[in-house]
Amino acid sequence: TRRSSDRQNLTPAVGLDNVTLYAAADNYADSKYPQLGTYGHVPVLYVGNSYDHVQDLWGSERIYIRFDISSLPKGIVIQSATLRLWQFYAPTSPQEYEVHRVLGDWKEGTENWNNQPAWDSTTTSTAVAPDRTEVAVEWDITRDVQAWISGQAKNYGIMIKAAKEQRVKEASSGFWSREYPVGSHEEWRPALIISVQTP
């Protein structure tokens with residue numbers, strides 16, 4: 001008869017490793033200038049509600065980000081996946097921002113407000129951006145990454161928007177994009193931190 005200690009020795013040890021991926025594409029769309037070129041090659045990303053007092057325009061911004069997950073092995077077990085952006089420009093009061101899974105293709109060099117792809121109306125997660133700068137804001141997008149890895153959904157990335165898009169001044173955040181020359185500050189780069197289960 002096999003002893004319980006023998007059976008325990010047959011169980012492989014399981015640990016967690018963190019994998020950090022950086023954005024493969026990012027952009028933001030602005031309803032104040034719906035037909036303007038795009039912001040896919042600028043060093044900043046804006047999201048929220050704002051007002052252009054020079055042109056007397058109200059509007060909202062939405063961020064689009066995509067990560068290349070093709071380097072992750074098939075069948076990998078995702079324990080958690082966290083989207084992290086670095087806020088350099090802060091709203092005057094804390095703002096709630098939602099993440100939604102994007103359902104169609106987009107290109108950072110051509111996307112604007114008028115040609116945004118469809119996105120899932122179900123909110124993946126929310127986070128509150130504080131009214132201060134030099135801080136990371138993080139969203140839990142585990143469900144979306146698991147869907148991409150399993151093949152249940154195609155990876156078109158995610159979209160971030162204000163939980164309530166409305167006419168409000170100074171209620172938007174500015175984050176550094178993948179084009180910003182971060183130097184030694186790797187934490188400023190848009191990142192996806194994935195915790196994976198490893199034997």
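Before anything else, I noted what the burial words mean: a residue is buried under 20% relative accessible area, exposed over 50%, and partly exposed in between, with a 1.4 Å probe and protein chains only. I am working with a predicted model, where local features need pLDDT of at least 70, side-chain atom pairs count only at pLDDT 80 or more, and totals for chains, interfaces and linings use all residues. Residues are numbered from 1 along each chain as its sequence is written, and side-chain values use heavy atoms, with hydrogens and water left out.

**Entry 1: Glu-108**

Is Glu-108 buried or exposed? I found it buried, because its relative accessibility is 9%. Glu-108 sits in the loop between β6 (95-101) and β7 (125-129); strands here are DSSP runs of E, at least two residues, and helices are runs of H or I, at least four, all numbered from the N terminus. A polar atom of the Glu-108 side chain is 2.9 Å from the backbone nitrogen of Asp-26.

**Entry 2: salt bridges**

I wrote down the rule: a side-chain nitrogen of Lys or Arg within 4 Å of a carboxyl oxygen of Asp or Glu. Side chains of opposite charge can pair when their charged atoms come close. How many salt bridges does the structure hold? I got 10.

One of them joins Arg-62 and Glu-165, at 2.9 Å from N to O. This pair links distant parts of the chain, with Arg-62 in strand β4 and Glu-165 in the loop between β9 (158-162) and β10, 103 residues apart. Arg-62 is buried at 10% relative accessible area, whereas Glu-165 is partly exposed at 29%.

Next I checked Glu-186 and Arg-189, whose side chains meet at 2.8 Å, N to O, in a salt bridge. Glu-186 counts as partly exposed at 33%, and Arg-189 is partly exposed at 27%. I also jotted down a salt-bridge network that links Asp-30, Lys-32 and Glu-61.

**Entry 3: Arg-66 and Asp-105**

Arg-66 is in strand β4 (residues 57-66). A polar atom of the Arg-66 side chain does lie 3.3 Å from the backbone oxygen of Trp-106. Asp-105 meets Lys-107 in a salt bridge of 3.8 Å, N to O, and Lys-107 counts as exposed at 53%.

**Entry 4: Pro-190 and helix α2**

I located Pro-190 in the loop between β10 (171-176) and β11 (191-198). Pro-190 counts as buried because its relative accessibility is 1%. In helix α2 (residues 142-150), the buried residues are Thr-142, Asp-144, Val-145, Ala-147, Trp-148 and Ile-149. Just after α2, I spotted Gly-151 with a positive phi of about 85°.

**Entry 5: who lines the pocket**

I finished with the largest pocket; a pocket is an open set of points on a 1 Å grid over the protein atoms alone, with protein on both sides within 12 Å along at least five of seven lines, and lining residues have an atom within 4 Å of a point. I counted 13 lining residues, with Ser-50, Tyr-51, Glu-61, Tyr-89 and Ser-172 nearest the centre. The largest share, 3 residues, comes from β3.

Note on methods: On a 1 Å grid over the protein atoms alone, a cavity is a set of points where a 1.4 Å probe fits but cannot get out, and a pocket is an open set with protein on both sides within 12 Å along at least five of seven lines; lining residues have an atom within 4 Å of a point. A polar contact is a pair of N or O atoms within 3.5 Å; within protein, one must be able to donate a hydrogen and the other to accept it, and residues adjacent in sequence count only if both atoms are side-chain atoms.
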